[in-house]
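This report describes how parts of one protein chain pack together. The sequence and the structure come first.

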Amino acid sequence: MMEYKKELKELILTVIKEGASDLHLSVGVRPAIRVNGSLMPLVKRPVLVSEDSEGLILTLLNDFNQERLKNDKEVDFSYQFEDKARFRGNAFYQRGFLSCSLRLIPPQVKELKSLNLPETMLQYFASKEQGFFLVVGPIGHGKSTTLSSMVDFINHTRSEHILTIEDPIEYLFIQDKSIIEQREVFFDTTSFYRALRSMFREDVNVAMIGEMRDAETISTAITAAETGHLIFSSLHTNSASQTVNRIIDSFSPAQQNQIRVQLSSSLLGIFSQRLLPRVSGGLVPAYELLINNTAVSNLIREGR
C-alpha cells in the first residue's frame, strides 16, 4: 500500500528539483510534471490506481475542502509544503475518478524588473491613485505573477490600504509601507462580489481581484474604480481588444451602453501577456498594451 504523505513529499520535491511549474495526478497514468511548457511523465513513479490517486489528493485537502469537493465535485485550494513551496491546486472528478492539478507558486513575490516586461510602464499604472487596470491572457501565462508584482511595488513605495480577493490566495505579501489584507473566497468571504462590495466600507485604496467571474463582480469593480479606488484584476482572454468585448458582452443589452460609458472613463489600460518557448530553452513573455486615451474611449463607447 502506498504511503501517501511520503509519496506526495517525494513528488513535490521532484517538482522543485526539476524546476517544474505544475504537477498532475490522474488515474491510469503516471504522475506528470510540466517543465518549460512541456508535460513530462515521471517514468520512475507507478501508474496511479483509483485508491492511490484519491489518497494522494485527499492528503492535500483539509476537512473543509474535502467537504466542498464531496458536494461540488471540484474544488480550488492552496497547499503549503513545509517551508519549501506553496501550490495553487484544483481537485476534480473525471469519469468518476479523482484527479488533481497543482501549480507551483514562487516563494516570494517577484520584482517587476525581474519579469522581462516593460517595468516603467507597469510602474506608471501602479502609481495611479484610481482607475481600472487589467492583466489578461490564457491560463498559466503569468497574469497572477504580474498583478502581484504591481501590488508589491505599491507596497514598497507608498502607504496604502491594499485588499486582495483571491480563490485561492496565491502569493503571500510581506507588509512594508502599506497595510495588505488578503481574503480567500469561501474561507474569508462567500464570493468575489460580496468581498468587493464590502470594500467600500473598509477604507481601501487599492484592490486586486484574482478573477472577475460574473457581471456583478465586473460592475462593482468598475464602480469602485470610478469612486476613487485603484482596481487590478485579470481575465482569460487572448488579446486586449477582445477583453473590452468580453466585458461588455457579460451584460444584458439593456446594460451595455451604461457599462461602455463607465469603462471608457475608468479603464486605465489592458495588458495582454503570454509565455512563449525560447529557442535556447525556457519561456519568454510576449505582450501588448492597450492604453486608454481619447481614441480608445471613443472605441469603447461605440462598442467597436
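The sections below cover the basis of the description, a sheet, one of its strands and a pair of helices.

## Basis

This is a predicted model, in which local features need pLDDT of at least 70 and side-chain atom pairs count only at pLDDT 80 or more, while totals for chains, interfaces and linings use all residues. Residues are numbered from 1 along each chain as its sequence is written, and side-chain values use heavy atoms, with hydrogens and water left out.

Helices (H or I, at least four residues) and strands (E, at least two) are DSSP runs, numbered from the N terminus.

An open sheet with mixed pairing is built from seven strands, ordered 9-8-10-11-7-12-13; two strands pair if DSSP finds at least two bridges between them. Strand 9 (179-184) and strand 13 (283-291) are the edge strands, each pairing on one side only. From one strand to the next, the twist averages 15°.

Strand 7 (residues 131-136) and strand 12 (residues 267-277) run parallel and are joined by five bridges. Leu134 has Ile270 of strand 12 as its bridge partner. Helix 7 (residues 215-226) packs on the sheet and touches strand 7, strand 10 (206-209) and strand 11 (230-235); contact means heavy atoms within 4.5 Å. The direction of helix 7 makes about 135° with that of strand 7, where angles run from 0 to 180 degrees between N-to-C directions and axes are lines fitted to C-alpha atoms, for helices over the stretch in contact.

## Strand 10

Strand 10 runs parallel to strand 8 (residues 161-166), with four bridges between them. Its pairing with strand 11 is also parallel, over four bridges. Met208 of strand 10 is the bridge partner of Thr164, and Phe232 in strand 11 is the bridge partner of Met208.

In a regular strand the side chains alternate between the two faces of the sheet. Strand 10 is covered on both faces, with Val206 and Met208 buried on one side and Ala207 and Ile209 buried on the other. Buried means under 20% relative accessible area (1.4 Å probe, protein chains only).

## Helix 4 and helix 5

Helix 4 (residues 119-126) packs against helix 5 (residues 143-157) at an angle of about 65°, the axes being 9 Å apart. Leu122, Gln123, Phe125 and Ala126 of helix 4 meet Thr146, Met150, Phe153 and Ile154 of helix 5.

Leu122, Phe125 and Ala126 are the buried residues of helix 4. Viewed down the helix 4 axis, these buried residues fall within an arc of 100°, so they line one face of the helix; the arc is that of the directions from the helix axis to the C-beta atoms. Their cover includes strand 7, helix 5, strand 11, strand 12 and strand 13.

Technical notes:
Buried means under 20% relative accessible area, exposed over 50%, partly exposed in between (1.4 Å probe, protein chains only).
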